[in-house]
Amino acid sequence: MGVKYGRFIAKHRVLIIIIAIILLIPAGIGYISTRINYDVLSYLPNSLETVYGQDVMVDEFGMGAFSMVIVEGMENKDVQKLKKEIEKVEHVKEVLWYDDALDITVPVEMLPEELRNALFTDNATMMIALFDKTTSDETTMEAIQGIRDTVKDQAFVSGMAAITTDIKAIALHEMPIYVVVAVILTLIILLITMDSFITGFIFLGGIGFAVIYNMGSNVFMGQISYLTQAIAAILQLGVTMDYSIFLLESYRENKEKYPGDNQRAMAHAISNTLISVTCSSVTTIAGFLALCFMTFGLGMDMGIVMAKGVVMGVLVCITFLPALVLCCDKAIEKTSHRSFLPSFKRTSKVITKGWVVLFILFLVVLPVAWYGNANYHTAYGIADSLPQDLDSAIANHKLNDEFHMNNMHILMLPSDMEAKTKKEINSQIKKLDGVKWVLGISSLVGEKLPDAMIPDRLREKLVGKEHEIEFICSNYRTSSDEVNKQVGEINDIIKKVDERAMIIGEAPLTKDLRETTIVDIRNVNIISIGFIFLIILLTFRSIILPVILVAVIELAILINMGIPFYMGTDVSFVASIVIGTIQLGSTVDYAILMTSRYRTERLYREKTKREAIAIAHLTSFKSILTSGLIMFAATFGVSLVTNIDLIDAICSMLARGALISTACVLLFLPALLMVFDKIICRLTWTMRRVKW
């Protein structure tokens, strides 16, 4: 069946290439039509109250996001004019300032103390701009840019909406650079490791088609995260390049068997590759799909796109790439050269002979890596992951410098709550550490003013059918332990009075993100290990081999995740969630490759354990090293050029993880196979007849 299919592809190679090129058109349209989401917090589950509260804000008040606008050195009458200009910006729902409560002819000194402290300093004043959509919505980012165009250098726009807008600007600028750098570095590795100068270009061309198909098919998902967009193509390049190498090596072997008949050689090569690539890709796909079990929606987003990318890579490898190789066969032969890589015979011999030392080293490194992995510090701040010369960063610094304010929470109290009760709640919140002020209707107009005398325009902005909005100023930074404690204390206060009361905003969302991802990390790692353990068990029909192979890669993951602890650096929350699963899924094939050859030598060629392990190690050394270097090159290049720390964190740790996995497989797997050979033979169904 496989050979028959291969003959069809080889015979109709020109037609296959034409169809592949035509398919780029709908794929390109799909790619352009897929919306990119730049707000990571929007992937939190809807079941969380902080997320539900945002939906209530949109439904009840027509507002979903807000920004603080800091104006320096301007008279109040000019600030009022600027406010009116900002209110004209499309999708700006409201702008809150003190003229909503009192006439600007009232001296600032006569304002209620809380209002004066909240909105004024000696040199600046602050307005709160409210938008009609959520932070992740395109219209909100357009509104932020509209405000910036309006205020120019007269004011500064801060807040999560401004940060998201800047993330979009950087990402749109850098995305093409990621691809170019990854392609160039991968090409360099291919030129070094392959024995033809044109092979690398052919491989990259094939994978380029697969990447476009994958990214184009994302249109059916509606939207993907900018993080997924940034790393999916790079990972697809790093992970699926092996399949192209498998095909070319098999094709060359079959050309020797069937000299002068390239079509027949390619037909058999496709058949062989179809089996090996399918088996190899299953573990990678399983690792990526494990991300879909996260409650944090970013996992589903990444998992589907990356798993789909591997499938696309396999399909291209057994259709378009064989056709391309056949058409370029003469060029490949003409540009052939001696491999620049050494044979590694001496290195392999030293490693396999030193198995005792390496096994002891494995046992020593394991607890050290385990401890580092268990104690690294995770960073959840999104604003801190961006360059500090961005407009949003400058505005946030102004907010801190002028108003000593790092955060603003939104308190949503039931509108039917008695004024006395609201006053008691506010009084308790004001006493909390780090709370600078609480700003609601009462503080805007003065607590002694009767409800009937509250201006209608102010009531319409802050009071809905079911909720009333108040603003809480915090001195603590988002994601800090202090602000998380503060949010928890505020939540305790309001829930004791009324369960309907809610606190929302960037800091409460980030607190929920932290609590959600802690659970997700544990669950996803268990699921990915379980998936891959089961696949290896079924592949080798062995109880012990899955334990050994997963242990080797898990050690590599522990080392990778433990290094930041010993270096005293933080790990981005996104990296802490996805690295373990992605590294396991994308590099466990290194261990499977060596183990497959070991089993073949022990079972079918009746080699001793030393001979089998030595042959398996030497024959797989180049392939494993090449795979690791390609994964390293594709991801490391992105980490060098990106200005977004979240992308840098993922790519730099994936690059380091690829090298560590390569080293662990080449150094420790032979030692483990040597130590457990007898148990492997007993607990592997197909190897029970092997003599030890």
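How do the residues of the lining of the largest pocket divide into nonpolar, polar and charged? They divide into 15 nonpolar, 17 polar and twelve charged. Here Ala, Val, Leu, Ile, Met, Phe, Trp, Tyr, Cys and Pro count as nonpolar, Asp, Glu, Lys and Arg as charged, and the others, Gly among them, as polar.

Before going on, a word about the model. It is a predicted one, in which local features need pLDDT of at least 70, side-chain atom pairs count only at pLDDT 80 or more, and totals for chains, interfaces and linings use all residues. Residues are numbered from 1 along each chain as its sequence is written, and side-chain values use heavy atoms, with hydrogens and water left out.

**The chain as a whole**

The chain has 26 helices and twelve strands. These are DSSP runs numbered from the N terminus: helices are H or I with at least four residues, strands E with at least two. Along its principal axes, the C-alpha trace spans about 95 × 55 × 40 Å. Of the 692 residues, 57% count as buried, meaning under 20% relative accessible area with a 1.4 Å probe and protein chains only. Among the contacts with a separation of 6 or more, 81% join residues 24 or more positions apart; a contact means heavy atoms within 4.5 Å.

**Pockets and a cavity**

Rolling a probe the size of a water molecule over the atoms shows where empty space is left. On a 1 Å grid over the protein atoms alone, a cavity is a set of points where a 1.4 Å probe fits but cannot get out, while a pocket is an open set with protein on both sides within 12 Å along at least five of seven lines; lining residues have an atom within 4 Å of a point. Grid points are joined across faces, edges and corners, and a volume is the space filled by probe spheres set on the points.

| Space | Volume | Largest share of the lining |
|---|---|---|
| Largest pocket | about 1600 Å³ | helix 9, ten residues |
| Second largest pocket | about 680 Å³ | helix 21, seven residues |
| Second largest cavity | about 50 Å³ | helix 8, four residues |

The largest pocket is lined by 44 residues, and F246, E249, L593, T619 and S623 lie nearest its centre. Helix 9, helix 10 (262-289), helix 21 (506-540), helix 23 (573-603) and helix 24 (609-641) each give two or more residues to this lining.

For the second largest pocket there are 25 lining residues, with N373, I521, N525, E554 and L558 nearest the centre. By class, this lining has 15 nonpolar, seven polar and three charged residues.

The structure also holds two cavities of 30 Å³ or more. F203, T240 and G313 are among the residues that line the second largest cavity. Its lining has six nonpolar, four polar and no charged residues.

Helix 4 (residues 76-87) and helix 6 (residues 138-151) have axes that come within 9 Å and cross at roughly 145°. Axes are lines fitted to C-alpha atoms, for helices over the stretch in contact, and angles run from 0 to 180 degrees between N-to-C directions. Where do the two helices meet? L82, E85 and I86 in helix 4 meet I147, T150 and V151 in helix 6. These contact residues divide into four nonpolar, one polar and one charged.

**A single residue**

Finally, find Q54 in helix 3 (residues 49-61). Q54 is buried because its relative accessible area is 17%. Leaving aside neighbours within four places in sequence, Q54 is in contact with M63, G64, I504 and L509.

Definitions and conventions:
Buried means under 20% relative accessible area, exposed over 50%, partly exposed in between (1.4 Å probe, protein chains only).
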